[in-house]
Amino acid sequence: MSEYTFTPYNVIRGDWCIMEKMVSAKDRLLKSGNNRMDGELRGKILVILCAVIMISATIAITIFLGTKGLQSFIKNGVSLIEFITSTNWNPTNQAKPEYGTLPFIFGSFAVTFLSALVAAPLGIGGAIFMTEIAPSWGRNILQPVIELLVGIPSVVYGFIGLSVLVPFIRENVGGLGFSLLSGTIVLSVMILPTVTTIATDSMSSLPKTLREGSYALGATRWQTIRKVLIPAALPTLLTAIVLGMARAFGEALAVQMVIGNVKDLPSSLLDASATLTTIITLNMGHTTYGSVENNTLWSMGLILLVMSFAFILLIRYLSSRRKM
Amino acid sequence: MVTATKERPVESKTVPSNRNQTILNVKNLEIFYGEKRAVNGISMAIEKNSVTALIGPSGCGKSTFLRSINRMNDLIPGARAEGEIIYEDLNILSEQINVVALRKEIGMVFQKPNPFPKSIYENITHALKFAGIKKKSELDKVVEESLQKAALWEEVKDRLYKSALSLSGGQQQRLCIARTIAMKPTVMLLDEPSSALDPISNGKVEDLIVELKKDYSIIIVTHNMQQASRISDKTAFFLSGDIIEYDLTEKIFTNPSMKKTEEYISGRFG
Amino acid sequence: MNSKSADRIASGIFYLIALIIILILVGLFYYILFNGLKNISLHFLTAPSSNIMAGGGIRDQLFNSFYVLFITMLIAVPLGIGGGIYMAEYAKPGKVTDIIRSCVEVLASLPSIVIGMFGLLMFVNLTGWGYTILGGALALTVFNLPVIVRVSEDAIRSVPRELKEASLALGITHWHTIKTVILPSAFPSILTGIILASGRVFGEAAALIFTAGLSTPRLDYANWNPFSATSPLNIFRPAETLAVHIWSVNTQGLIPDVEEVSSGAAAVLIISVLIFNLLARWIGSMIHRKITATK
């Protein structure tokens, strides 16, 4: 069905492709229904559909989780202020149910910041090792190591934390073992690859002239790193840390297995605690869908969603500052 | 030196030919990239069954002009053309034109040989199959014919199913010419076809072009003035988006009318 | 302290940091493999799991992990490649494209538990399906899509422009060019990306706890009818995967040999992820060699 058909050997012209030139130029060249454009249209529609699905998925997630998360405030009359600021979590108390999630919010932020505190120097240090201290062979060793660390699933981290870290802390440091400390350590190891990878990209994309200029002035390697390279890479290094924090904030299972999951505000690193993610994980299964307690879990999920957006905006802000 | 002293057969003035028939008529063509104007209202008539060379320094609009003839500029966001290019009584710049059909009749060979990472045979049949030719016997026929016309058949007939990437640069370029020929175009646009090739391959491609003009109308963009003078019938000298001079090749290279042409020819700039 | 000694101390610290990182990895792997491998036996891999008694295996969970992965990729790969084709070949710079990119960015940064909650809302409750493989696969698709889109888009963009132009100049339509010239060229990179993504999906648990569930019905492995209730191929059944199983025996379970089962399962998980990674590398380099070494 194309306008380009070969005829059998044409005796008159001793040639075999004259047919199509007999078709007028207008029929050949102008757009019309029977040109081969419908395959084109089909393909275009197919891929546009995929793009539309992606947009719809994002919008659907936001709307559905948003509406469901707001149920406890709108339908059940839970006070937003109490939700965010009260430290008493007692949703099952018949007489006076309390819905203060501050302990969990605190727990989430605490493990996030603490693990960033640990992972940042390690990650940036690893990056500097790969790019400055041992540029020829450092990457060949550390890069696969980092990639392997990324590949370990979070449940496995949680399991190892549970069977190795928790008893270790209980016996050698104190407390129950299930603690903020355990959660922090597990998370630090989990976000280390993220921080290291981005920090490495950051350090290696610094222009060579920066280093050369510093060395030419007689600075030592450490002075160059400290005074020239790190300040220059700072915006991206911050991005690396923020990305690590975003990952830590949203981690559920690994933390849940080691943190103890108590509803009280922790007063020390060795106290057990809980985070938004761990409470959701624990309780979603055995609360009835539609009940107040269940709705509050969805509200906590909404807080997680909002924090994800906040992290994205923060990262965008940091990236745009770098461009100046 | 392979080509400098080789004689080109001179067109006999007594034999009637299709020459002096216009195959493409360009009228006031302007081409913009966004706000920037790359071609400033040029007009020229391309003769049928001839080789027309476009010469000029880099960035003066030759390739842009060439690419507008087969609407390849459509690929560049922000590019737009105004004016007319008349082919077979139709303005091919019009929105009504089915560019896919147009490109079967106006073929293009690019500067860097770009064969598909498939076998030699498949390189040629790829577009043929899309055009609707499915029978193996017909495909074989066209493959052999096109490779013969591109002066490549003898060299590859025993390894048609090997990868096209195993050919040398010059052979790859002749393959690209072969696959364009397979579509039986009327016009062939060559964008510096041998600038990426060694001198011997260059010579073979040039010989090929002179042969091809019997059946096709050829427009070639080239930086190599010697090449233009060797193989073309008419030459247009481009400068900063304008055609400074367009005349018989002999005249341009021996007795140009415009001063700028003369300066370029003698290498004073560009 | 002069700058020379400061430099030396600093270098020492950096070496130490690198060492710490390596030790962490070695320690983790040693623990998993050393403890886990001795618990893996043919019995372990082929026996059904137990919720209360010792001696349970991971047969169903292992199958579920692979099957959920398979169904997820069945959905996510065409969608992702389609999205990648759109971004690389059809999207015009402008507001709409920016919106799509932002959406992909958002999807990529959502914590997996949030995606699990969305899955619970949509694919378990709203549709009334309950815990199903399909629900889990759809949730994991959301999780996976950004990666595949990004990989596809990058792969398509790195196909040389000359190839595309060559095809178009011969009078071939854009879509046909994509199908027959661009995609085949981009395929190796896309495949590598998919295999790497598979590794991540295989180990994912948080998104599946609330969508595919924590249990598996009794399965008859001889029954290949996907519509039957006892067939393992039925996608409308709950399916606890290996990763979820590790979590549930450690937090919800009552089995006495929790350590053994968990470490064995963890070892299987890690080895599978390793195999995925190695496979991706190997295929990538093999195809790369095939394409560039055609001389």
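## Chain contacts and helix packing in a predicted model

Leu217(A) is exposed, because 10 other C-beta atoms lie within 10 Å of its own; a residue counts as exposed with 12 or fewer such neighbours, as buried with 20 or more, and as partly exposed in between, the C-beta atoms being placed from the backbone. This is a predicted model, in which local features need pLDDT of at least 70 and side-chain atom pairs count only at pLDDT 80 or more, while totals for chains, interfaces and linings use all residues. Residues are numbered from 1 along each chain as its sequence is written, and chains are lettered from A and ligands numbered from 1 in the order in which they are written.

Leu217(A) sits in the loop between helix H9 (208–216) and helix H10 (221–250) of chain A, and its C-alpha lies 58 Å from that of Lys44(A), a residue 173 positions away in sequence. Chain A contains 13 helices and two strands, where helices (H or I, at least four residues) and strands (E, at least two) are DSSP runs numbered from the N terminus. Of its 324 residues, 44% count as buried.

Chain C touches both chain A and chain B, two residues being in contact if their C-beta atoms, placed from the backbone, lie within 7 Å. In the classes used below, Ala, Val, Leu, Ile, Met, Phe, Trp, Tyr, Cys and Pro are nonpolar, Asp, Glu, Lys and Arg are charged, and the others, Gly among them, are polar.

| Contact | Residues from chain C | Residues from the partner |
|---|---|---|
| Chain C with chain A | 65 residues | 64 residues from chain A |
| Chain C with chain B | 18 residues | 23 residues from chain B |

On the side of chain C that touches chain A, the largest share, 17 residues, comes from H1(C), and the residues of this side divide into 46 nonpolar, 15 polar and four charged. On the side that touches chain B, H7 and H8 of chain C are the elements that give two or more residues, with the largest share, six residues, from H7(C).

Helix H7 (residues 161–169) of chain C also packs against H8(C), at an angle of about 160° and with the axes 10 Å apart; axes are lines fitted to C-alpha atoms over the stretch in contact, and angles run from 0 to 180 degrees between N-to-C directions. H7(C) is therefore roughly antiparallel to H8(C), a term for angles over 145 degrees. The contact is made by Leu163(C), Lys164(C), Ser167(C) and Leu168(C) of H7(C) and by Thr177(C), Val181(C), Ile182(C) and Ser185(C) of H8(C).

Notes. Angles under 35 degrees count as roughly parallel, over 145 as roughly antiparallel, 65 to 115 as roughly perpendicular and the rest as oblique.
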